[in-house]
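Please bring up the structure on your screens, and I will walk you through it slowly, one part after another.

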Amino acid sequence: MTEPVATTLPWATRGQELFEQAVSALSDADFAAPSRLPGWTNAHIVAHVAANADALGNLASWALTGVETPMYSSTDQRNADIERLSQEAPTALRSLTVERGAVLLGRLRELPDADWRAPVRTAQGREVPASEVPWMRCREVFVHAVDLAPGREFATLPADFLTALIADIAAQRSAKAPDGASRVTLSVDDGAVVTAPVAEDQTAAEVSGDVAAVAAYLAGRGTSGLRVDGGGAVLDLGPWL
Ligand code: ZN
């Protein structure tokens, strides 16, 4: 990920605003209703985004102090926290969204310039400079604002963010794929072209669409607006995040 903090920190701020707006639009009853993510209610998404703010705050303090503070102590603890928080009342979940998001953004804005280069580790075990943390946050708040039901659509997210998201997901999917995996070529209407590996037993293909359609497809959030060049079905890329 190469977008500078000067770009990604404002995206994290904007994403937080959009996520808060999407949460405000939920009625009390909506919190217990299914989100657009399989197996998760809206309350699970809100709980996850609040817990993610704390987890990324751990990385900010790691960068600031040099004392290793991982995002989560374990995957089990991460999942248990989401489950527990998701049981909170809607009023509490609305407050958590605002408060935890604000605390994280405050910590990021106060991080001294030199500390952005400090190495920290993602929940997936990747060592990255702390300068990736605002990118990790904006990805969460923008994409999960789309996962709430009712929520936003990818087309309402900033186009420059979607362009960066396409490059990021294509690179991460490629890094995880076995050598020689079949690939799908994705042409964005703005002229960008990326490739991504497809799930096993599928042959290479070409698809195209606008920046929102390609980003949603790469993120595993549907195929609306996507065109398959040469016809046929859209290939399954498997889950992301
Ligand atoms: Zn997430």
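Predicted model: local features only at pLDDT ≥ 70, side-chain atom pairs only at ≥ 80, totals over all residues.

Let me begin with the two domains, whose C-alpha centres lie 25 Å apart. The assignment, which is an automatic or database one, gives domain 1 as residues 5–152 and domain 2 as residues 159–228. Contact, meaning heavy atoms within 4.5 Å, takes in 10 residues from domain 1 and 7 residues from domain 2.

Residues are numbered from 1 along each chain as its sequence is written, and side-chain values use heavy atoms, with hydrogens and water left out.

Back to the domains: together they bury about 750 Å², with 68% of that on carbon and sulfur atoms, where buried area is the accessible area (1.4 Å probe) that two parts lose on being put together, summed over both. Between domain 1 and domain 2 there are 2 salt bridges, a salt bridge being a side-chain nitrogen of Lys or Arg within 4 Å of a carboxyl oxygen of Asp or Glu. On the side of domain 1 that touches domain 2, the largest share, 7 residues, comes from α5. Asp147 forms a salt bridge with Arg221, and their closest N and O atoms are 2.7 Å apart.

Now, which residues are the protein donors of the zinc ion? They are His48 (NE2), Glu140 (OE) and His144 (NE2), lying 2.1 Å from the ion; donors are N, O and S atoms within 2.8 Å of the metal (3.2 Å for Na, K and Ca), and since water is not among the atoms, sites may look incomplete. Along the chain, these donors follow the spacing H-x91-E-x3-H. Glu140 and His144 both lie in helix α5, residues 133–147, and sit 4 residues apart, about one turn of the helix; helices (H or I, at least four residues) are DSSP runs numbered from the N terminus. Both of these residues, Glu140 and His144, are buried, that is, under 20% relative accessible area (1.4 Å probe, protein chains only).

Finally, let us turn to Gly57, which is found in helix α2, residues 42–65. Why does Gly57 count as buried? Because its relative accessibility is 0%. Leaving aside residues up to four places away in sequence, Gly57 touches Leu104 and Arg107. The C-alpha atoms of Gly57 and Val103 are separated by 8.0 Å, although these residues are 46 apart along the chain.

Terms used:
Helix = DSSP H or I, 4+ residues; strand = E, 2+ residues; numbered from the N terminus. Buried < 20%, exposed > 50% of the residue type's maximum accessible area, 1.4 Å probe, protein only.
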